[in-house]
Amino acid sequence: MERIKNIIRDFGVPRFIILAFLVALFIMAPFVGADLPTQITNLLNRFSWNAVLVLAMVPMIHSGCGLNFGLPFGIIAGLLGGTISIELGFTGVQSFIMAILFATPFAIIFGYLYGVLLNHIKGGEMMVATYVGFSAVSFMCMMWLLLPYHSPTMVWGYEGKGLRTTISLEGFYDKVLSSFLEIKIGNLAIPTGAILFFAVLSFIMWSFLRTKTGTAMTAVGSNPVFAKASGVNIDRIRTLSVIMSTWLAAIGILVYEQGFGFIQLYMAPFNMALPAVSAILIGGASVNKASIANVIIGTLLFQGIVTMTPTVMNSMIHMDMSEVIRIIVSNGMILYALTRKTNDGRRA
Amino acid sequence: MKFDVRKFLADRSVPIMFIIICAVCIPLSGFSTSYLFNEIVTRIVRNTFLILSLLIPIMAGMGLNFGMTLGAMAGEIALIFTSDWQIWGIPGVVLAMILSIPISILLGALCGTLLNKSRGREMITSYIISFFINGIYQLVVLYMMGPIIPILHESIKLPRGYGIRNTVSLLNLRQSIDNLVSINVAGVKIPVISFVIIILLCLFIVWFTKTKLGQDMRAVGQNMEVARAAGINVDRTRILSIIMSTVLAGFGMILYLQNMGNIATYSSHSQIGMFCIAALLVGGASVDKASIGNVFLGVILFHLMFIVAPRAGTVITGDSMIGEYFRVFISYGVITLALVMYETKKHKKKKMTKEGTENEK
């Protein structure tokens with residue numbers, strides 16, 4: 001009995017509730033007439049869209065910068081990459097590769113500036129990150145209107161300038177990853193390419209964390225005093241982690257767009273940080289500890305709830321409570337993680 | 001003490017920047033002076049009470065209370081009930097205020113308890129709490145009102161039979177306090193009673209800082225360890241400061257909505273915290289220091305910018321959306337700037353005390 005209690009405590013009560021809720025949804029799904037293969041396809045699809053964005057949390061958590069609420073900052077780099085690639089007339093797979101290439105310098109510059117800023121405010125990263133993200137998004141709202149984009153697929157048809165709020169990716173990089181090596185069995189479709197892409201990035205991240213620099217990053221996060229004593233340049237490592245996070249966010253949004261099929265501009269990146277933050281927390285990460293396994297489990301659980309609740313709940317009680325449940329679950333999880341006692345010495 | 005001009009200006013950089021923005025935008029926008037005065041008076045009446053509710057947690061060292069949204073939600077729930085019971089006019093406002101108190105206390109106590117568990121990152125926690133409680137609020141208002149919580153009148157219910165409509169009209173309550181006694185000064189309507197209420201709250205806050213509890217809060221805000229050593233119950237004091245802030249925010253929201261004349265059930269509260277905090281910071285407040293003067297200066301400057309920016313933006317760029325986005329950007333930018341300045345100062349201080357103790361060794 002003691003042991004079971006301990007396991008539950010380590011796992012965390014909210015996580016346990018979420019898991020039980022999801023299992024219950026899956027058990028109920030066939031009874032309310034939901035088609036299981038379709039559900040699993042939905043889940044896998046949404047997993048492949050979002051996983052890279054969640055992965056972007058890992059470097060900053062490792063280096064002790066906390067949860068990256070500034071994710072929109074990186075997303076903007078990705079949006080710039082995507083729009084520039086289309087503007088210059090690339091199509092198909094090429095446009096995706098070029099989008100990544102164009103996004104990279106922006107991500108590195110943004111990440112560097114953002115990292116330097118965060119080094120000045122150690123201990124208060126999360127709140128500042130949130131508002132840096134917001135400011136950047138609202139600043140870019142003006143820029144999307146003012147920057148000299150001309151591609152007729154992207155600008156408002158009537159005025160001939162200013163980007164549209166949503167841009168269709170058909171003919172560009174719509175589903176370039178998802179349709180690559182796609183496996184179809186009846187109603188079940190597995191977006192192999194997108195999952196492989198995530199797997200490659202995860203593997204790189206996993207191996208990076210085992211290199212000398214990667215170990216130093218973990219050391220900076222878990223014990224800065226020790227890291228400093230062993231000659232690690234804390235500020236440099238932290239900046240590096242922020243650049244990595246920002247770059248992954250940029251790539252993450254491109255992967256999301258290729259699955260979703262549209263580029264969403266203006267206020268859309270605004271609320272993209274919270275789902276990613278809560279996903280990694282649901283997966284078992286804490287404010288200063290995260291692994292690749294947390295990313296995978298968390299994204300599956302979070303997206304599972306997002307996809308399963310509307311169908312199951314709707315057919316059960318004829319009320320669409322999914323949106324409310326999503327808000328409560330995701331923010332409740334972040335709240336739980338923030339109110340956990342962390343060893344203060346580690347955050348000094 | 002020599003008067004240092006540079007320090008004086010540096011400390012007031014945000015208000016000065018805003019004065020410049022307004023000075024440039026007002027002539028461009030082409031609004032008449034009396035129109036601007038009328039608008040500003042309306043907005044002072046509407047927002048000051050809400051912004052004042054932020055002062056107490058700042059005094060207690062808990063930073064900007066993003067959880068003031070909780071009070072706003074409590075106020076909205078109370079108003080939904082009074083309009084369902086068809087109690088209008090001044091009695092309606094007073095009853096709503098009374099009803100909001102228990103809800104605010106409950107939410108404030110919850111918020112305070114959670115903030116005590118997350119010392120050092122109160123702001124981000126209170127920010128997330130406001131999202132979390134917003135979820136609960138939607139659960140209650142959208143699903144429970146009707147089947148579980150009795151709602152008498154169909155007019156405020158959604159056509160499907162449960163849940164509250166997206167807007168609840170407060171037409172019979174609209175500006176009942178503002179219009180009670182109002183005088184006209186050179187074409188500007190001044191609602192006397194509303195100003196009296198705001199001044200009373202200011203006096204209350206001034207008085208409160210001098211009471212035992214107010215002094216305790218100040219001590220806790222300055223140094224928790226010292227306060228604890230002096231026998232102050234730190235946790236309790238911090239929770240009380242949040243409860244007071246939440247209750248005041250609830251009152252503030254009711255006054256705000258009686259001025260507006262309707263409740264946007266699912267969106268009225270969502271931005272209110274951000275706008276109030278931005279206004280306070282524009283007035284020259286920082287995360288750890290704010291005064292009543294900051295509130296008034298802030299509400300005037302911030303809303304002046306808010307009124308003139310869209311029109312000025314249209315004149316400059318020929319695109320009406322630029323001005324809209326510009327004012328949103330400025331709101332967020334001001335908060336970001338204030339947070340960065342505060343955290344940099346804190347980080348520097350921490351570094352200095354650390355080096356100081358190392359030197360002593």
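In the predicted model, helix α12(B) is followed by G284(B), whose phi is positive, near 100°. The helix itself spans residues 272-282 of chain B, and nine of its 11 residues are buried, so α12(B) is largely enclosed by the rest of the structure. The buried positions are I272(B), G273(B), C276(B), I277(B), A278(B), A279(B), L280(B), L281(B) and V282(B).

In general, most residues other than glycine have a negative phi. In chain B, Q86(B) has a positive phi of about 60° although it is not a glycine. Q86(B) belongs to the loop between α5 and α6 (89-117) of chain B. It counts as exposed, because 11 C-beta neighbours lie inside 10 Å and the cut-off for an exposed residue is 12 or fewer. In chain A, Y266(A) is likewise not a glycine, and its phi is positive, near 55°. Y266(A) is placed in the loop between β4 (262-264) and α12 of chain A. With 20 C-beta neighbours inside 10 Å, Y266(A) counts as buried; the cut-off for a buried residue is 20 or more.

Helix α12 of chain A covers residues 273-282 and contains A276(A). This residue is buried, with 29 other C-beta atoms within 10 Å. Leaving aside neighbours within four places in sequence, A276(A) is in contact with L53(A), V54(A), A56(A), M57(A) and L71(A). The C-alpha atoms of A276(A) and L67(A) are 9.6 Å apart in space, while the two residues are 209 residues apart in sequence.

For chain A as a whole, the secondary structure comes to 14 helices and four strands. The C-alpha atoms fill a box of roughly 65 × 55 × 35 Å along the principal axes. A compact globule of 348 residues would have a radius of gyration near 20 Å, and the value for chain A, 21 Å, agrees with this. Buried residues make up 50% of the 348 residues in the chain. Of the contacts in chain A between residues at least 6 apart in sequence, 75% join residues at least 24 apart.

Helix packing was examined in both chains. In chain A, helix α5 (residues 71-87) packs with α6(A) at an angle of about 145°, and the axes are 7 Å apart. The crossing of α5(A) and α6(A) is right-handed. On the α5(A) side, the residues that meet α6(A) are F73(A), G74(A), A77(A), G78(A), L80(A), G81(A), G82(A), I84(A), S85(A) and I86(A). On the α6(A) side they are S95(A), M98(A), A99(A), I100(A), F102(A), A103(A), F106(A), A107(A), F110(A) and Y114(A). By class, this contact holds 14 nonpolar and six polar residues, with no charged residues.

In chain B, helix α5 (residues 68-84) packs with helix α11 (residues 234-260) at an angle of about 50°, again with axes 7 Å apart. This angle makes α5(B) oblique to α11(B). The crossing of α5(B) and α11(B) is right-handed. The part of α5(B) in contact consists of M68(B), L70(B), G71(B), A72(B), A74(B), G75(B), E76(B), A78(B) and L79(B). The partners in α11(B) are S245(B), T246(B), V247(B), L248(B), A249(B), G250(B), M253(B), I254(B) and L257(B). The residues of this contact divide into 12 nonpolar, five polar and one charged.

Chain B also contains strand β3 (residues 188-191), in which P191(B) lies. P191(B) is buried, with 21 other C-beta atoms within 10 Å. Not counting residues up to four places away in sequence, P191(B) touches V45(B), D178(B), N179(B) and S182(B). D11(B) is 180 residues from P191(B) along the chain, and the C-alpha atoms of the two are separated by 34 Å.

The contact between the two chains takes 30 residues from chain A and 37 residues from chain B. On the side of chain A that touches chain B, the elements giving two or more residues are α6 (92-120), α7 (125-146) and α14 (322-339). Helix α7(A) gives the most, with 13 residues. The residues on this side of chain A divide into 20 nonpolar, nine polar and one charged.

Note on methods: Residues numbered from 1 in each chain as written. Chains lettered and ligands numbered in written order. Predicted model: local features only at pLDDT ≥ 70, side-chain atom pairs only at ≥ 80, totals over all residues. Rg over C-alpha atoms; globule rule 2.2 N^0.38 Å. Contact = placed C-beta atoms within 7 Å. Nonpolar A, V, L, I, M, F, W, Y, C, P; charged D, E, K, R; others polar. Axes fitted to C-alpha atoms, helices over the stretch in contact; angles between N-to-C directions. Parallel < 35°, antiparallel > 145°, perpendicular 65-115°, else oblique. Left-handed = near helix turned anticlockwise from the far one by under 90°.
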